[in-house]
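Please work through the exercises below with the sequence and the coordinates open beside you, and try each task before reading its solution.

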Amino acid sequence: MSVGFRKSFLGFNCDDVIEYIQSSHRKFSEKEKELNQKIESLDNTIANVNAQLEDVKAAKAAVEAQLKEY
């Protein structure tokens, strides 16, 4: 990936390099924040589905108990 830093006497312009690093850090920090929010949302969804599954299991057990009575 070519970034296009300006040349300096002993290599690249330090300001260009620092700006590139800060820009990359900001971009990846924002992406990390988005992904962490998505993980949290999916964890909440999993917890809700697990709670619904437990309710269904309890209802199934109650229906099976009634079925055994007949």
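The exercises that follow concern a predicted model, and each task is followed by a worked solution.

**Exercise 1.** Determine which elements of the protein chain have the lowest and the highest mean pLDDT.

*Solution.* Begin with the chain as a whole, which averages a pLDDT of 90, with 93% of the residues scoring at least 70. Then turn to the elements, among which strand β1 (residues 7–8) has the lowest mean, 69, while helix α1 (residues 14–69) has the highest, 95. Where pLDDT is low, the predicted coordinates should not be read in detail.

**Exercise 2.** Find the partner of Glu-19 in a salt bridge and classify the exposure of Glu-19.

*Solution.* First place Glu-19, which lies in helix α1. Next apply the cut-off of 4 Å between nitrogen and oxygen: the closest N and O atoms of Glu-19 and Arg-26 are 3.4 Å apart, so the two form a salt bridge.

**Exercise 3.** Describe the salt bridge between Lys-60 and Glu-64 and the setting of both residues.

*Solution.* The side chains of Lys-60 and Glu-64 meet at 3.8 Å, N to O. Both residues belong to helix α1, where they are 4 residues apart, about one turn of the helix. Lys-60 counts as exposed because its relative accessibility is 52%, whereas Glu-64, at 40%, is partly exposed.

Notes: Residues numbered from 1 in each chain as written. Predicted model: local features only at pLDDT ≥ 70, side-chain atom pairs only at ≥ 80, totals over all residues. Heavy atoms only, no water. pLDDT = per-residue confidence, 0-100. Helix = DSSP H or I, 4+ residues; strand = E, 2+ residues; numbered from the N terminus. Buried < 20%, exposed > 50% of the residue type's maximum accessible area, 1.4 Å probe, protein only.
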